[in-house]
Structure formats: structure tokens, C-alpha cells
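Subject: Structure handover

Dear colleague,

The structure is below, with the sequence. My notes on what was found in it follow; please read them alongside the model.

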Amino acid sequence: MVDTAKFQNVFGHLPTIRVFCPGRVNLIGEHIDYHGYGVLPMATQDGTEILAAPNGQSIIRISNVDDQYIEELADLCANAEHYVGMMGGGMDQAAEVLAVDGGALRIDFSPLRFRVVTLPPLAAFTVLHCGVTLNKAATSQYNERVVEGRLAGKLLLKNSGVTAKPQSLRLKHVQEALGKSLEEMVELCECLPNEASRKELEDLLTKEVVDECLSPNTQHLTSFKLRARARHVYSEALRVDKFEEACKAADLLEMGRLMCASHESCSKDYECSCKAMDELVAECQKSGAIGARLTGAGWGGCAVALVDSLHPTDLGQKLYISEDVPVLAHGTPSGQHTGHYDQKFINTKGTTETELMM
């Protein structure tokens, strides 16, 4: 907990607001929130605490309790996703705000709603950094995947002869417009071209439709991968459903299998992994993890590994390479508050489908 005395020393008065936001790790459901599909993250015990107070000015003054992180703090402030054109989904914010102790969250979108998923008592998770980082706001790779999903959806609708306009460009709304199951959507993806040029897509869909799908920082693209991108989204959405079922059945082996399949899809179909990450995930599996996968945007960053808490595997010790590849977290879910949520959905748009007890 941040000492209020330091706040007073820096700003000359005590804070009036205290906020704690836990960290989060996504157990499964990668790169599908912005396509409209549900995800399954959990909170970590570590997080960010903020003390604040109004100063009567139009200037925000920021200080960090540990000066060694001042550059990182500046980067975070400068790279707020939606202010730099990132076409991300809502998982990060929802997971951090809605987190509860002792459970993961199944978060769905359009509208935002969630339910707590109770993890098996023997399930524990280790988060490790692969040693490679990527500033996703400084590249177009993230938005390229969004655009490729939109174009794939447009082509799926055209190939199926559906004239009804979906609710949005998201692949989930394409599925709803087609009235297909996730399994059927995975099969439909095989009719998509593996790769198509911009000219080919303009001939198939019209230039106006292609332009509608592009973002400001993807205007330079001349070729798009469609089949593999859409296949990842629909198969990953299906894995999220199956992972939730495996949690309810306390089936750690199935949970691990789904995590490994998720990473395989992220690496090969969505191409959002990297050599260091693939090696880390493989080493986790060799070192006793039941399952492992990249977590987060990818192209570096962290992996999450599932282990049996009765037979703990010290992945950090076995995989220790250097101080640049640390174990960031190990254990079970944490949250910003304690409480219990019924297993039914809670609709955050104002009407609840079940009682909330804090």
C-alpha cells in the first residue's frame, strides 16, 4: 500500500482518492475480444495503486513512488491504446475492473457481461516473461489482424450469399448473421483464400468495402491473410467454451490441452508469437507444466503455464535464464475486492440477471 505521507510530501496535501487495479493474465481466448468473442482472464495479486486529489488546475501532476519506473510511467501515459489508434478489445480493462478473489472471469462483449469461473482447487498458474518485448502501439501488426478479420468476415458473408448486414464488422456478428455454430464457422473458413491481394479483394468486395475495413495505419497493406486468421478466431472462441467446461469438471488435463492448442493456433494461424515465446512454451511443457501458452497481445511478452498445485513444478528454477526472463507471478486468482458472484451472467448495462453479493 502506498504511503500517504509521500503523497503529502510531493504535493503538499493528503490524497482524497485511492484506487487499486490488479494485474491480469488471460488464461485463454487470445485476440478474439475485438472480434466480439468471450475471453477467460484472471487477476494477479500484483497491480497498480493510485493516490489522487483534485488540485483546482487544468494540469495533471504525476509522481511515482519508485523513481526507477518514471520512464515506464511516461510510456504508459503516452501509449494509452485508444488514443494512438489501437483497435483493441475490452478484455484488459474489464478484467482489471471486474476481478474477484479466487476465480477467473468469463467476459463476453456486445454488451459487456461476465460471470465468475471457479477454477479447480488443484489448478495454479505461473506467468513467465520470454525476454522479448514489442511496443504494439508503434507497429501495425495488431491492427493488421483486426483488418484481416474484418475482410475475412465480409468474404464469408459474400460466399454464403447472405445479404443481411451484420451488426458490425466483427466476426462474431458474421457468425450470428449466418446462423452457424462455431464448429461450422471453423469449417467455413476453409473456403477462404489463404492470402489475397488488395486488388483481388477490391474486385470481389468493391473498393468501398475494403476501405471500410482498413484503419489509418493499415492503409499501406497490399496483401491479407484470411483463412488462417478467421480459423484462429472461431477455433479460439470454441476453446474458450471448452475451457470453461473443463474448469467446471475440474479436468486439468483438458485445460492444459486447450492451452497448448491455443498457443499452436496463435503461433501458426494468427502469427502473433515469436521464436523466444515458442521456445519458452515448449520448455514449460517439457519441465512439467500441464499446459502453456502465450498470453496478451503476443510478439513477445509473457507465457502462462498451468501446473498441479499438489505436485508443484518450479518452472522459474528450471527455466531460469537470466534476470531478463523472470517469473512474474505464481498462484491462484486475486482481485481488487472480495465477494461472490452467482454463476449466471451479470449484465453491466444496468439490468442484472442475478443478485450481486459483496
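Histidine 129 belongs to strand S5 (residues 123-129); helices (H or I, at least four residues) and strands (E, at least two) are DSSP runs, numbered from the N terminus. With a relative accessibility of 14%, histidine 129 counts as buried (buried is under 20% relative accessible area, exposed over 50%, partly exposed in between, with a 1.4 Å probe and protein chains only).

This is a predicted model, in which local features need pLDDT of at least 70 and side-chain atom pairs count only at pLDDT 80 or more, while totals for chains, interfaces and linings use all residues. Residues are numbered from 1 along each chain as its sequence is written, and side-chain values use heavy atoms, with hydrogens and water left out.

Overall picture

The chain has twelve helices and 13 strands. Of its 358 residues, 48% count as buried. Taking contacts (heavy atoms within 4.5 Å) between residues at least 6 apart in sequence, 73% join residues at least 24 apart. The chain exposes about 17600 Å², and carbon and sulfur atoms supply 52% of that area (Shrake-Rupley method, 1.4 Å probe; for residues, only the protein chains shown count as cover).

Salt bridges

A salt bridge is a side-chain nitrogen of Lys or Arg within 4 Å of a carboxyl oxygen of Asp or Glu. By this rule there are 24.

Aspartate 211 and arginine 198 meet at 3.6 Å, N to O. Aspartate 211 is in helix H8 (residues 207-213) and arginine 198 in helix H7 (residues 198-205), so this bridge ties together parts 13 residues apart in sequence. Arginine 198 is buried at 16% relative accessibility, whereas aspartate 211 is partly exposed at 28%.

Aspartate 269 and arginine 231 form a salt bridge at 2.8 Å, N to O. The pair links distant parts of the chain, 38 residues apart: arginine 231 lies in helix H9 (residues 227-248), and aspartate 269 in the loop between helix H10 (252-268) and helix H11 (275-286).

Lysine 286 and glutamate 283 meet at 3.7 Å, N to O. Both are in helix H11, three residues apart, and are therefore separated by about one helical turn. Lysine 286 is exposed, with a relative accessible area of 65%; glutamate 283 is partly exposed at 34%.

There is also a network of salt bridges that links Arg106, Asp108, Arg115, Asp241, Glu244 and Lys248.

Aromatic pairs

Rings of Phe, Tyr and Trp (its six-membered ring) pair if their centres lie within 6.5 Å; planes under 30 degrees apart count as stacked, over 60 as edge-to-face and the rest as tilted. The structure holds three such pairs. One of them, phenylalanine 7 with phenylalanine 11, is tilted, with 4.8 Å centre to centre and 50 degrees between the planes. These two residues lie four apart in helix H1 (residues 4-11), about one turn of the helix. Phenylalanine 7 is buried at 10%, and phenylalanine 11 is buried at 19%.

Tyrosine 34 and tyrosine 142 have ring centres 5.2 Å apart and planes at 55 degrees, so this pair is also tilted. Tyrosine 34 sits in the loop between S1 and S2 and tyrosine 142 in helix H4 (residues 141-160), so the pair ties together parts 108 residues apart in sequence. Both tyrosines are buried.

Backbone

Histidine 31 has a positive phi, near 60 degrees. It lies in the loop between strand S1 (17-28) and strand S2 (40-52) and is buried, at 3% relative accessibility. Tryptophan 299 has a positive phi near 55 degrees; this residue is in the loop between strand S8 (291-295) and strand S9 (302-308) and is buried at 8%.

Regards
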